[in-house]
Number of protein chains: 2
Amino acid sequence: MIYNSVDCVIFGFKDEKLKVLLIKRNNEPQKGLMALPGDFLDSEVSIYASAQNTLKELTSLENIYLEQIRAFGEIDRYPGKRVITISYYALINIEHYTPQAGYTAEKLEWCDIDSLPKLAFDHKEIIAIAHKRLKRRVRTEPIGFNLLPEKFSLTNLQQLYEAILQMELNKRNFRTKINQMKLLIDTGKKQENVAHKPAKLYRFDENIYEKLKEEGFYFNL
Amino acid sequence: MIYNSVDCVIFGFKDEKLKVLLIKRNNEPQKGLMALPGDFLDSEVSIYASAQNTLKELTSLENIYLEQIRAFGEIDRYPGKRVITISYYALINIEHYTPQAGYTAEKLEWCDIDSLPKLAFDHKEIIAIAHKRLKRRVRTEPIGFNLLPEKFSLTNLQQLYEAILQMELNKRNFRTKINQMKLLIDTGKKQENVAHKPAKLYRFDENIYEKLKEEGFYFNL
DNA sequence: TCAAAAGTGTTGCAGGTACACCCATGA
DNA sequence: TCATGGGTGTACCTGCAACACTTTTGA
């Protein structure tokens, strides 16, 4: 007998760090360890819909960026039975996240991508592969933006890319490249109560965003 | 009840064309249609091993390039039961391919990637996604070479990339870029019996090949 | 008036693009 | 000697990398 499950690597961005949403297992096997949110697959539900459900239960969010990573199918990846898991990764605006009833703060946690706790099963490997995929995708499609709030400064955007790609970027050149895309709209607003020149706040031009997503682009940072 | 299967998109290169190995179904459902080779998954076998087995049964080849694409899990993708398939793609040297006993020429066929027959299930979509993946991979890892015979000319190599990427490439620049990689070794041999200047034949430097594969590279064609 | 971060102008250089020409072979 | 495809030299030009300076705010 083979079981199928669906797991989600939910990425968020906060305090200049790339984060993953993890849940503490309260059932055997591996009770007490942190793990990716997920569930066994219902035979009446498509795998994509199953990932969407997991996401909605946890975060109450819908219509968010969600892409399959792949299936993980080593024989012994789950103790006791044969479970093949199909993993997805999601990009969410962490400000929109509100933990759902039933999930207490004790159980759910946003963990830094580069200081993860001990994880159940092969979830460490799954996160690593999700991150690798994200690093590539972010250069090819304008999806990184899904991680930001509606209004953000260019510095926010740069820090996001630096966190995802785990490398430093040159401020001047980063801004030049972003400008070339003509993807940002000046909201007219500025930062408030900061002890320095306040940064302009931008939002996306949804039309250009969709257009770039279709056409594909290469963001040579 | 959910069933799992593993399907393989086996790529080959012949007559300047990128090809896929397809098999005519001789069982219901969709008997008579062409389909990707594959099988239901045995609970004692890892998904990767299952793909390797399919490949070996069909082509008698081992140790070849094999990478998972992803799982396909729409509810109605397979008539009558819920079957989630996990797809792999393989790159083989078509000259090494010898159809195995039990598979007659009537049943197995190398089809052009851009003139595929009607296919069973969602296999057309799977091939399209495999091809898309190959297009990307071929620029990021030196894997395209798996599709060529041991000895090949620079023109062979260029035609391969043109077939995969479905675009024309400039001869002069293509050669310059290949040279920069220092990946090729002059075998000292040349084409024979051609009515023009015979092309030099090359083979790979396995060491550099492995090194590039690890490091990653970007082949900006 | 000072500290801190926002925001911009410019120049040199690497490397990609494009083009045209010569070479070796069989018929 | 001609047709065919193999093989190379180079000049232009785009566009990325690197750097330093000005601006605006709160304290």
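Is Leu58(A) buried or exposed? Leu58(A) has a relative accessible area of 3%, so this residue is buried. The model is a predicted one. Over all chains the salt bridges number 18.

- Leu58(A) belongs to helix 1 of chain A, which runs over residues 47-59.
- Ile23(A) lies 35 residues from Leu58(A) along the chain, and their C-alpha atoms are 9.7 Å apart.

**Positive patch**

- On the surface, a patch of positive charge is formed by Lys132(A), Arg136(A), Lys132(B) and Arg136(B).
- Helix 2 (123-140) of chain A and helix 2 (123-140) of chain B each contribute at least two residues to this positive patch.
- Lys132(A), one of the residues in the patch, sits in helix 2 of chain A.
- The relative accessibility of Lys132(A) is 57%, and because exposed means over 50%, Lys132(A) counts as exposed.

**Nonpolar patch**

- Met1(A), Tyr3(A), Phe40(A), Met1(B), Tyr3(B) and Phe40(B) make up a nonpolar surface patch of about 590 Å².
- Tyr3(B) is part of strand 1 of chain B, residues 2-14.
- With a relative accessibility of 32%, Tyr3(B) is classed as partly exposed.

**Salt bridges in chain B**

- Side chains of opposite charge can pair when their charged atoms come close.
- Arg133(B) and Glu67(B) form a salt bridge through their side chains, with an N to O distance of 2.9 Å.
- This pair connects distant parts of the chain, since Arg133(B) is in helix 2 of chain B and Glu67(B) is in strand 5 (residues 65-72) of chain B, 66 residues apart.
- Both Arg133(B) and Glu67(B) are buried.
- Lys200(B) and Asp186(B) form a salt bridge with an N to O distance of 3.6 Å.
- That pair also links distant parts of the chain: Lys200(B) is in strand 9 (residues 200-204) of chain B and Asp186(B) is in strand 8 (residues 184-190) of chain B, 14 residues apart.
- Lys200(B) is partly exposed at 41% relative accessibility, and Asp186(B) is partly exposed at 38%.
- Glu62(B) and Lys56(B) are joined by a salt bridge, 3.5 Å from N to O.
- Lys56(B) has a relative accessibility of 40% and counts as partly exposed.

**Salt-bridge network in chain A**

- A network of salt bridges links Glu67(A), Arg133(A), Arg137(A) and Glu141(A).

- Asp112(A) is located in strand 7 of chain A, residues 108-112.
- The relative accessibility of Asp112(A) is 15%; buried means under 20%, so Asp112(A) counts as buried.
- The side chains of Asp112(A) and Lys19(A) make a polar contact of 2.8 Å.
- Ser5(A) lies in strand 1 of chain A, residues 2-14, and is buried with a relative accessible area of 7%.
- The side chain of Ser5(A) has a polar contact of 2.8 Å with the side chain of Thr85(A).

**Ends of helix 5 in chain B**

- The N-terminal end of helix 5 (residues 206-215) of chain B is capped by Asp205(B), which has a side-chain oxygen 3.1 Å from the backbone nitrogen of Asn207(B).
- Gly216(B) follows helix 5 of chain B and has a positive phi, near 80°.

**Backbone geometry**

- Most residues other than glycine have a negative phi, and most peptide bonds are trans.
- In chain A, the peptide bond from Glu28(A) to Pro29(A) is cis, with omega near -5°.
- Pro29(A) is in the loop between strand 2 (17-24) and strand 3 (34-35) of chain A.
- In chain B, Glu28(B) and Pro29(B) are joined by a cis peptide bond with omega about -5°.
- Pro29(B) is in the loop between strand 2 (17-24) and strand 3 (34-35) of chain B.
- Gln30(B), in the loop between strand 2 and strand 3 of chain B, is not a glycine but has a positive phi of about 60°.
- Gln30(B) is partly exposed, with a relative accessibility of 28%.
- Asp15(B), a residue other than glycine, has a positive phi near 55°.
- Asp15(B) is in the loop between strand 1 and strand 2 of chain B and counts as exposed at 58% relative accessibility.

How values were computed: Residues are numbered from 1 along each chain as its sequence is written. Chains are lettered from A and ligands numbered from 1 in the order in which they are written. This is a predicted model: local features need pLDDT of at least 70, side-chain atom pairs count only at pLDDT 80 or more; totals for chains, interfaces and linings use all residues. Side-chain values use heavy atoms; hydrogens and water are left out. Patches are made of residues with over 30% relative accessible area and no salt bridge: like charges are joined within 9 Å, nonpolar side chains (Val, Leu, Ile, Met, Phe, Trp, Tyr) within 5 Å. Accessible areas come from the Shrake-Rupley method with a 1.4 Å probe; for residues, only the protein chains shown count as cover. A salt bridge is a side-chain nitrogen of Lys or Arg within 4 Å of a carboxyl oxygen of Asp or Glu. Lys and Arg count as positive and Asp and Glu as negative; His and the chain ends are not counted. The place of a charge is taken as NZ of Lys, CZ of Arg, CG of Asp or CD of Glu. Helices (H or I, at least four residues) and strands (E, at least two) are DSSP runs, numbered from the N terminus. Buried means under 20% relative accessible area, exposed over 50%, partly exposed in between (1.4 Å probe, protein chains only). A polar contact is a pair of N or O atoms within 3.5 Å; within protein, one must be able to donate a hydrogen and the other to accept it, and residues adjacent in sequence count only if both atoms are side-chain atoms.
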